[in-house]
Amino acid sequence: MATNTAVNVLAEARKEVGYVEQPKGSNVTKFAPEAGHANRQPWCVTGRTMILTDSGLRPADSIRIGDMLATKEGRFRPVTAVASREADVLRIHAQGSKLEITAEHPIWAVKERCTHTVAKLVDGVGAAWVSAGDLTSDGWRIGHAVVRGERSMSTDLAYVFGIYVADGWASGSGAGLADSHDQGDRIEKALVEIGAPFRRYERRTGVQFGLSGWLAKAVRAFGHDSLTKGIGDALSWDRAAREAFMAGYTLGDGHIDTTGVALNAQHQMKCTTVSKPLAVGLAMLVRSLDLHPQMMRIEREATAVIEGRTVNQQQEVWLVSWTVRPPIKQQCIEIDNVLWTKLKRVEAIGRHTVYDFTVAEDHSFIADGVIVHNCASFISAILIRCHVLIKGNNVLVPSSRTMFENAKKNGWAVPVSALRAGDVIHNWRGISIRKWQGHVAFVVRVILDKKGRIVSVVTIEGNTDRSGSPTGGMVLEKTRSVAWWRIGAWRPPYAA
């Protein structure tokens with residue numbers, strides 16, 4: 001990476017997290033208030049948020065550097081950085097999604113100025129990155145990714161996988177299916193058609209099928225019990241296979257609710273699950289079939305009485321529904337594989353462990369089906385790359401004394417007299433990383449005297465004052481005497 005000039009340093013920094021260079025004169029201050037304060041970064045989602053990867057949906061807390069994430073551009077790009085912290089979280093209730101996200105995290109959204117103008121707005125310049133905390137139910141629409149795979153898949157096998165997700169389980173080396181007596185012959189026929197090894201058992205409450213061999217192994221990609229169930233890689237399948245999967249799933253875990261009369265009747269399919277990964281996956285599959293899902297989160301009692309017995313039950317239940325016979329007046333609109341749905345409400349849900357990623361090139365990813373931006377400010381990205389952490393009183397300080405020793409061993413350390421753009425400069429005393437005892441900055445350019453010696457250094461810095469005042473927490477460009485940086489500097493590999 002070329003970092004010989006201040007322009008290259010700043011441009012590469014902003015590029016790292018997807019920011020476009022601001023107009024001349026705005027410099028760092030255009031986005032500085034969002035960048036330098038520890039409690040404002042990085043943008044994050046909760047650990048159980050489902051992220052779309054090249055291997056299917058995965059929880060955010062399982063994402064690692066190198067994983068390939070789906071982006072706003074409809075392709076997969078690698079994760080180059082991962083961050084985690086504790087933060088206050090909002091739940092964004094939109095039609096078909098319940099996204100848990102920090103207030104400053106940008107979401108791909110559009111504001112309606114009047115009814116039925118979404119298409120016009122999105123075709124023009126209406127869509128933009130909007131912080132979750134700035135969204136209200138007053139006319140905002142959220143952008144949901146519509147993913148339609150094309151990979152060839154057996155419809156018979158997809159149908160059986162759908163049945164398993166609805167009414168199956170896996171244990172040990174085996175697996176099984178269960179349903180009502182009236183569905184037994186239909187399930188047996190499906191198993192015979194794919195050549196699967198199985199045994200059928202008639203029980204008092206229904207019929208069961210014991211699965212073995214290759215099918216018992218294959219179904220594990222979709223989870224092993226009601227809490228871990230998901231859709232596997234079904235989003236990558238061709239349309240016929242996706243339809244077959246949904247047919248198999250709704251056979252076991254769906255029911256039609258008909259409301260209205262005559263020509264106005266709406267036939268609504270409803271499915272319930274205790275698995276959020278499955279609920280998110282079902283909603284995304286429904287969108288891929290040109291339908292518009294609804295999602296509801298329900299809290300219920302911790303116990304229930306079944307046939308006179310008190311049993312424990314999951315308190316969080318997800319209801320996913322969609323209109324099989326769409327109404328004449330559509331509530332959503334799809335443009336260029338983005339389904340724009342109405343924002344219903346935003347609620348605070350307390351403090352949680354949250355995660356975020358930097359995604360190469362496209363700087364976006366799909367979270368619970370919603371298109372969101374990746375990791376926060378450009379200064380955060382460089383800090384991560386330079387192994388500098390935010391500690392204590394919101395002060396940017398090195399993570400440990402060992403870091404500087406390693407810098408020397410690796411040949412990264414440079415004397416202050418040899419500074420150049422892209423270097424990391426510090427005067428950390430190493431007394432305590434929890435007190436106002438140090439300072440770290442990035443060199444933008446150096447100012448020389450007539451003899452060519454460095455007399456001043458122009459830097460980008462993020463810090464607070466001694467009292468921790470937020471007014472001191474912005475990232476700004478500053479000029480200081482080189483003597484002020486009396487401890488030393490190092491040149492990370494990216495600046496070479």
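D362 sits in the loop between strand 21 and strand 22; helices (H or I, at least four residues) and strands (E, at least two) are DSSP runs, numbered from the N terminus. This is a predicted model, where local features need pLDDT of at least 70, side-chain atom pairs count only at pLDDT 80 or more, and totals for chains, interfaces and linings use all residues. Residues are numbered from 1 along each chain as its sequence is written, and side-chain values use heavy atoms, leaving out hydrogens and water.

Is D362 buried or exposed? At 13% relative accessibility, D362 counts as buried. Here buried means under 20% relative accessible area, exposed over 50%, and partly exposed in between (1.4 Å probe, protein chains only). Leaving aside residues up to four places away in sequence, D362 touches T71, E73, R75 and R77, where contact means heavy atoms within 4.5 Å. The side chain of D362 makes a polar contact with that of T71 at 2.7 Å, and another of 2.6 Å joins D362 to the side chain of R75. A polar contact is a pair of N or O atoms within 3.5 Å; within protein, one must be able to donate a hydrogen and the other to accept it, and residues adjacent in sequence count only if both atoms are side-chain atoms.

H363 is in the loop between strand 21 (338–359) and strand 22 (364–367) too. Its phi is near 55°, a positive value in a residue other than glycine. H363 counts as buried, at 6% relative accessibility.

Now for helix 3. It covers residues 155–167, has 13 residues and reaches 18 Å from its first C-alpha to its last, close to the 18 Å expected at 1.5 Å a residue; that expected span is 1.5 Å times one less than the number of residues. Because 10 of its 13 residues are buried, helix 3 is largely enclosed by the rest of the structure. Among the buried ones are L157, Y159, F161 and Y164. What covers them includes strand 10 (168–171), strand 11 (174–179), helix 4 (184–193), helix 5 (213–218), helix 6 (239–253) and helix 7 (276–288). At the N-terminal end, S154 caps helix 3, with a side-chain oxygen 3.4 Å from the backbone nitrogen of D156.

On to charges. Side chains of opposite charge can pair when their charged atoms come close. How many salt bridges does a search of the whole structure find? It finds 21 salt bridges, each being a side-chain nitrogen of Lys or Arg within 4 Å of a carboxyl oxygen of Asp or Glu. Here are three of them.

| Salt bridge | N to O distance |
|---|---|
| E100 and R91 | 2.9 Å |
| E347 and R345 | 4.0 Å |
| D290 and R148 | 2.7 Å |

D290 is partly exposed at 42% relative accessibility, and R148 is partly exposed at 29%. D290 also has a positive phi of about 70° although it is not a glycine.

E100 is buried, with a relative accessible area of 4%, and R91 is buried at 6%. E347, by contrast, is partly exposed at 24%, and R345 is partly exposed at 44%. Salt bridges that share partners join R48, R91, E100, R297, E299, E316, R345 and E347 into one network.
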